[in-house]
Structures are given as C-alpha cells and as structure tokens.
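Hi everyone, thanks for coming.

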Amino acid sequence: MVIGQGALALNFEKPKESVVDESLLEKCRRQDYEAFGKLVDAYQNRVFGFVRRMVPTGEDAEDITQEVFIRAFQNFHRFDMRSSVRTWLFKIAHNLCVDRARKVGRSPEQVSLALSADIEEEFEVPDDRWQPDQMLAQANLEEAVELAVSQLSEKLRSVLILHDREDMPYEEIATTLNLPLGTVKSRLFLARTHVQNALKQYMEDRNGNLA
Amino acid sequence: MAIWPSDKKEQVISDSKLESTQQQAIASLVKKLPEENLSMAWRSSLNERIRAEAEKKRKQRRTRIVWSSSLGFGMAGAILLMVMVPNAMRPTSEAIPTSNKSEVLESSLYALHQESVVLGGVSSTGVAYRRTQEFDNSDLGEDEWNSSQIY
C-alpha cells in the first residue's frame with residue numbers, strides 16, 4: 001500500500017528476532033539475569049503493544065507486561081522450546097489479560113461471537129469503492145483504527161492483533177490462544193470486518209460533518 | 001501444519017475471504033498502528049523485581065542444598081543407628097563365655113594369691129619374717145621398741 005504525503009507517520013519496526021538464539025534461551029533457563037535482560041529488550045515493546053490493546057488503561061498494561069516477564073523468569077525451566085519464545089510470552093500475556101478481565105467482571109466468555117457460517121449474513125461488507133489510501137490521509141485515522149480495535153471483544157481483538165500487528169501465522173496463534181485453526185481464521189475475518197464497518201461509519205460521520 | 005483437524009471446506013473459504021482486498025486493507029491499517037514504547041522507569045522497576053526474584057531463587061536453591069544434605073546425613077545417621085544399636089544391645093552367644101572367662105580368670109588369680117600366702121606362711125621365712133619387715137619399716141629406732149608393739 002502506498003502511503004501518500006500528509007499521511008500519519010506510522011512507524012512499525014520489525015522485531016529483532018535474531019538476538020534471541022538458542023544459547024540465550026539456554027542461559028535464561030539457567031536463570032541468567034543478564035541473558036534474561038536481553039530477552040526483555042527484544043520483546044518488551046511487542047508484548048506491551050499487545051497487552052496495551054487488550055486492557056483498558058496504560059497503567060494496567062504496564063503492570064501486566066511486568067508480570068509477564070516476571071512469570072517468564074520464574075518459570076523459564078518449564079519452557080520446553082518446542083514452541084517459540086514469542087508464542088510462550090504472548091500466551092502468558094494473553095492469560096494474564098483474560099485473568100484481569102475476569103477480575104474486573106468482564107468475562108471474555110460472555111461475549112457472543114457469530115462464527116464463520118453466518119459471517120455474510122451478519123456483516124455488511126463494504127464495496128470496492130472504499131479505499132484505505134484515502135482514509136490514511138485523514139488526520140484522525142490512527143485514533144479511529146485504535147478505537148475500532150478497542151471496541152472488539154477480547155476474543156476477536158487478540159486474534160487480530162496477533163496476526164495483523166505481530167505477524168504471527170495462524171498456527172502460532174492457534175497454539176498461543178489454544179484454539180482450533182478454523183476458529184482463528186473465523187475470528188480474524190470477523191475482527192477485520194468489524195473494524196472495516198467501524199471505519200466506514202467513521203468516514204460517513206466525518207463526511208457528514210464536513211458537508 | 002495442522003494442529004487440530006478442521007473442516008477443509010471452511011478453511012478454504014476462510015482463506016479466500018481473508019485474502020480479499022478489503023480484509024488485507026484492514027490488516028495493513030492495523031499493522032501500521034504505532035508501536036508502544038515503555039519508559040526507562042518501567043524497565044528499571046522490572047530489573048529490580050527480576051533481581052529480587054533471582055536472589056530469592058538463589059536463596060531457595062542454597063536452602064534446598066543445605067536441607068537436602070542435612071537430610072541425607074540425618075538419614076545416613078539414622079540408618080547407622082538402626083543397624084548398630086540393636087546389635088550392641090542384643091546379648092550375643094559370644095558375650096556369655098567372655099564373662100565366664102573373666103570369672104574363671106578372677107577365681108584363678110585369687111586361688112593363686114591364696115596359695116602364695118599359704119606357701120609364704122609354711123616356708124622358712126614364715127609369718128615372723130614378714131612381721132619383722134613391718135617393724136623395720138616403722139619410725140621407731142632400734143632401741144626404742146617394746147614388746148607391746150609385737151603383740
């Protein structure tokens with residue numbers, strides 16, 4: 001996608017996966033403080049980015065992110081290296097977010113989801129005239145996307161962020177969230193459709209205000 | 001890699017839907033959301049917590065080593081006691097002759113002593129010689145003795 005002039009400065013840095021090699025993980029398993037620090041350097045912003053979008057406040061997100069790394073440090077001997085360390089960290093993060101949601105009385109289980117069979121009946125898919133490039137030019141688009149994502153249920157949001165923000169493949173998301181592969185795809189489709197509708201609404205409101 | 005068995009048809013439909021232009025446009029927008037950065041204060045707070053956790057783990061490990069070695073020594077001592085004490089307490093078949101032997105030795109020594117006393121009395125020097133020896137060792141001078149000291 002071409003981002004035209006005047007678009008928001010959206011920076012997305014690729015994670016430094018290469019710094020996390022086998023020897024570093026082995027040191028972490030032996031409770032090496034310095035090695036664990038390097039692991040934190042590699043993942044802290046990514047984990048925080050996920051958690052920040054899963055809980056309502058930044059303060060909560062900071063607390064949970066700290067808790068993720070403390071739990072990882074405490075239980076590194078249990079990490080069997082069959083999955084990637086990223087999968088493991090995001091799994092801890094997701095579980096802590098779910099725990100937090102339960103504590104404040106917003107159980108993710110209570111969110112109703114329409115699954116793939118009803119997708120086309122449930123959601124209106126915008127036509128091809130809708131152009132994301134034009135939307136990018138809008139000053140408040142970033143906030144609109146953030147708002148649309150925050151309005152998703154936890155179940156849809158987690159899949160959307162892990163796939164579209166963290167570039168996780170479907171299989172890894174399935175492992176992280178302990179879901180069947182088909183459910184991951186259905187939820188991703190639903191999440192994107194919700195965001196698309198929210199942005200369409202946003203554009204209509206904005207155009208109405210300008211007129 | 002299929003982790004769970006899933007309906008092939010559903011997967012194909014989902015894949016084609018997920019790869020549509022509109023879906024990819026949303027994916028692109030989500031991907032370009034700004035990265036959230038954590039503060040240095042947050043990091044130093046985390047470092048402190050991890051350091052405290054590492055120290056706690058080290059202490060636990062040390063305590064575990066001390067306890068396990070103490071337990072090992074304790075167990076070994078207990079086993080040793082269990083083996084040794086009953087053996088020491090139990091009267092063995094060899095212990096009884098030993099005590100008999102000592103009694104025999106004692107009685108034979110006593111008999112030997114009595115025999116030597118009798119022999120001493122009967123032989124030439126006799127009791128008088130022994131008594132004379134006793135007087136020789138007394139503090140009295142040769143001229144100062146009297147008959148009452150003999151009897």
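Let's start with α2(B), which is mostly covered: eight of its 11 residues are buried. Buried here means under 20% relative accessible area, exposed means over 50%, and partly exposed is in between, using a 1.4 Å probe and protein chains only. Which residues of α2(B) are the buried ones? They are B:Q22, B:Q23, B:A25, B:I26, B:A27, B:S28, B:L29 and B:V30. When I say helix, I mean a DSSP run of H or I with at least four residues, a strand is a run of E with at least two, and both are numbered from the N terminus.

A quick word on where this comes from. This is a predicted model, where local features need pLDDT of at least 70, side-chain atom pairs count only at pLDDT 80 or more, and totals for chains, interfaces and linings use all residues. Residues are numbered from 1 along each chain as its sequence is written, chains are lettered from A and ligands numbered from 1 in the order in which they are written, and side-chain values use heavy atoms, with hydrogens and water left out.

So how confident is the predictor? pLDDT is its confidence in each residue, from 0 to 100. Chain B has a mean pLDDT of 75, with 64% of its residues at 70 or more. Within chain B, helix α2 (residues 21-31) has the highest confidence, at 91, while helix α5 (residues 126-136) has the lowest, at a mean of 56. Over residues 1-7 of chain B, pLDDT stays under 50, and the model has 13 contacts for them beyond four places in sequence; a contact means heavy atoms within 4.5 Å. Where pLDDT is low, the predicted coordinates should not be read in detail.

Staying with chain B as a whole, its secondary structure is five helices and zero strands. Of its 151 residues, 15% count as buried. Chain B exposes about 12200 Å², and carbon and sulfur atoms supply 61% of that; these areas come from the Shrake-Rupley method with a 1.4 Å probe, and for residues only the protein chains shown count as cover.

Now look at helix α3 (residues 40-89) of chain B, where B:M82 lies. Is B:M82 buried or exposed? B:M82 counts as exposed, because its relative accessibility is 63%. B:M82 is also one of the residues in a nonpolar surface patch, along with B:L71, B:M75, B:I79, B:L80, B:L81, B:V83, B:M84, B:V85 and B:M89, with about 1100 Å² of accessible area together. A patch takes residues with over 30% relative accessible area and no salt bridge, joining like charges within 9 Å and nonpolar side chains (Val, Leu, Ile, Met, Phe, Trp, Tyr) within 5 Å.

Next, salt bridges. One of these is a side-chain nitrogen of Lys or Arg within 4 Å of a carboxyl oxygen of Asp or Glu. Over all chains, the whole structure has 14 of them. A:D167 pairs with B:K31, the closest N and O atoms being 3.2 Å apart. That pair crosses between chains, from the loop between α8 (154-165) and α9 of chain A to helix α2 of chain B, where B:K31 sits. B:K31 counts as partly exposed, because its relative accessibility is 28%. There's also a network: salt bridges that share partners join A:R53, A:E146 and B:E36.

A:R53 is buried, because its relative accessible area is 6%.

Last stop, the inside of the structure. The largest nonpolar core has 67 residues, and A:F36, A:V51, A:F69, A:F76, A:V85 and A:L89 have the most contacts inside it. Helix α2 (residues 33-52) of chain A gives the most to this core, with 10 residues. A nonpolar core, by the way, is a set of buried Ala, Val, Leu, Ile, Met, Phe, Trp, Tyr and Cys residues joined through side-chain atoms within 4.5 Å. Not counting residues up to four places away in sequence, A:L89 touches A:Y43, A:V47, A:V68, A:F69 and A:A72.

Terms used. pLDDT = per-residue confidence, 0-100.
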